[in-house]
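Hi,

Here is the structure I promised to pass on.

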Amino acid sequence: MRAAAFTSLTGPDGVELIEQADPDPGDGEAVVDVEACSINRHDLWILEGDSAMVNEGVLPFVTGLDVAGTVRETGAGASVSEGDRVLLCPNQTCGECRYCREGPENLCQSFMLYHGGLAEQALVDGSRLIPLPDDLSAQTAACLPTAYLTAWHMYRKADLTAGDRVFVPGATGGVGVAAVQLADVLGLEAVGTTTSETKAERLRELGCPHVVVSGDTDEIVREVRSIGEMDGALNHLAGEFTAVAAKVLRRGAKQVVCGRTAGSRVDTAAAPFFLQHQEIVGSTMGTQPELERLVDLAASGAFEPVVGGTYDLDATGEAFRDMAERDAFGKLVVEP
Ligand SMILES: NC(=O)c1ccc[n+]([C@@H]2O[C@H](COP(=O)([O-])OP(=O)(O)OC[C@H]3O[C@@H](n4cnc5c(N)ncnc54)[C@H](OP(=O)(O)O)[C@@H]3O)[C@@H](O)[C@H]2O)c1
Ligand SMILES: [Zn+2]
């Protein structure tokens with residue numbers, strides 16, 4: 001089978017099509033014919049050599065977390081059958097640690113993510129496969145596991161209620177668009193930012209109630225304050241956007257941080273955290289039952305995941321180039 005592998009960790013030019021042996025499922029495993037696999041900034045960091053998880057010593061490396069397709073073959077005892085349409089929950093947990101036993105599972109002390117979906121076939125743990133309803137395409141479903149699941153879990157941690165206003169800096173990528181759409185599902189009023197007028201227009205078309213077009217943090221603070229106080233923030237950018245969020249949040253509000261696109265530190269003044277009782281809360285991914293819920297919501301039409309571009313397997317490098325150049329809106333999906 002063919003796979004789009006990282007053969008050097010030097011950016012989008014490091015993606016090459018390679019031939020690999022077809023996978024053979026062991027006990028409890030399944031082989032999925034991959035129809036769609038969306039990419040994430042997590043993969044781009046690996047490709048740019050900016051991930052602690054993958055180094056030159058393990059190349060070629062096939063990434064790809066968000067797999068949707070059809071079961072091709074199963075090992076003994078697998079909970080799915082040949083021909084089932086499925087979506088993979090990329091969570092990998094030990095099932096035994098205190099955090100797995102108490103839940104939620106994404107707290108697992110050995111928490112890892114599946115990699116291997118950017119290929120014609122993916123070998124996966126059958127118990128991580130979620131049945132896909134007929135009215136949800138593989139392309140649409142492949143958007144959900146990382147970006148939408150992460151945003152959904154962040155909303156749970158942000159303690160927001162219908163009618164609240166949520167600040168979403170960087171509202172045009174995978175997690176950002178998911179945060180805007182899920183805000184609507186939850187009855188929240190999203191305030192999104194982008195540096196691009198073109199992407200701002202797409203946000204408005206999507207129904208985002210407030211769109212701030214700027215990359216200047218002082219200007220963003222001014223414009224957001226003119227809309228009103230924010231009851232929470234979903235912050236996947238970190239860096240200087242942590243201080244921006246602190247400046248626009250109301251007393252007692254939480255900003256939930258899941259990423260580091262704008263910087264790996266969360267440097268910000270301490271005062272809002274004691275004088276105004278604000279909180280910074282960290283979050284990673286979500287649980288498989290939460291992903292099942294998102295599949296149901298998407299299938300029922302509560303929201304339609306935004307596919308910003310589709311690519312053949314041999315154009316996977318282009319998908320990463322579009323992401324790196326910020327030339328993307330929503331999720332980028334590779335269709336092997
Ligand atoms: N912890 C977790 O479980 C988890 C899960 C998913 C994602 N994440 C993290 O969340 C972040 C977003 O991931 P993603 O896949 O959604 O990425 P993405 O699709 O590439 O995000 C693009 C968005 O980021 C903005 N952006 C890009 N570079 C920026 C910069 N240097 N400064 C400010 N804004 C910038 C873009 O703004 P413009 O519109 O202005 O171009 C756009 O809104 C990443 O840090 C990722 O690692 C974490
Ligand atoms: Zn565990």
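First, some housekeeping. This is a predicted model, in which local features need pLDDT of at least 70 and side-chain atom pairs count only at pLDDT 80 or more, while totals for chains, interfaces and linings use all residues. Residues are numbered from 1 along each chain as its sequence is written, and chains are lettered from A and ligands numbered from 1 in the order in which they are written.

**Domains**

The chain splits into domain 1 (2-142 + 306-335) and domain 2 (147-282); such bounds come from an automatic or database domain assignment. Their C-alpha centres are 27 Å apart. Eight residues from domain 1 and nine residues from domain 2 make the contact, where two residues are in contact if their C-beta atoms, placed from the backbone, lie within 7 Å. On the domain 1 side, that contact has three nonpolar, three polar and two charged residues. For these classes, Ala, Val, Leu, Ile, Met, Phe, Trp, Tyr, Cys and Pro count as nonpolar, Asp, Glu, Lys and Arg as charged, and the others, Gly among them, as polar.

**The sheet**

Helices (H or I, at least four residues) and strands (E, at least two) are DSSP runs, numbered from the N terminus. Six strands form an open sheet in the order β12-β11-β10-β13-β14-β15, with parallel pairing; two strands pair if DSSP finds at least two bridges between them. At the edges are β12 (210-213) and β15 (279-282), each pairing on one side only. From one strand to the next, the twist averages 20 degrees. Strand β11 (residues 189-194) pairs with β12 in the parallel sense over four bridges, and V191 is opposite H210 in β12.

**Helices on the sheet**

Two helices lie across strands of this sheet. α7 lies across β10 (165-168), β11, β12 and β13 (230-235), at about 160 degrees to β12. α8 lies across β10, β13 and β14 (249-257), at about 150 degrees to β14. Axes are lines fitted to C-alpha atoms, for helices over the stretch in contact, and angles run from 0 to 180 degrees between N-to-C directions.

How do α7 and α8 meet, and at what angle do their axes cross? The axes of α7 (residues 217-227) and α8 (residues 241-248) come within 10 Å and cross at roughly 25 degrees, so the two helices are roughly parallel to each other. Angles under 35 degrees count as roughly parallel, over 145 as roughly antiparallel, 65 to 115 as roughly perpendicular and the rest as oblique. On the α7 side T217, I220, V221, V224 and R225 take part, meeting V244, K247 and V248 in α8. By class, this contact has five nonpolar, one polar and two charged residues.

**Helix α4 and its partners**

α4 (residues 144-158) and α10 (residues 288-299) have axes that come within 10 Å and cross at roughly 105 degrees, which means α4 is roughly perpendicular to α10. L144, P145, Y148, L149, W152 and H153 of α4 touch E290, L291, L294, V295 and A298 of α10. That contact has nine nonpolar, one polar and one charged residues.

With α5 (residues 174-185), the axis of α4 comes within 8 Å and crosses at roughly 55 degrees, so α4 is oblique to α5. Here T146, A147, Y148, T150, A151, W152 and Y155 in α4 meet G174, V175, A178, A179 and L182 in α5. The class count is nine nonpolar, three polar and no charged residues.

Cheers
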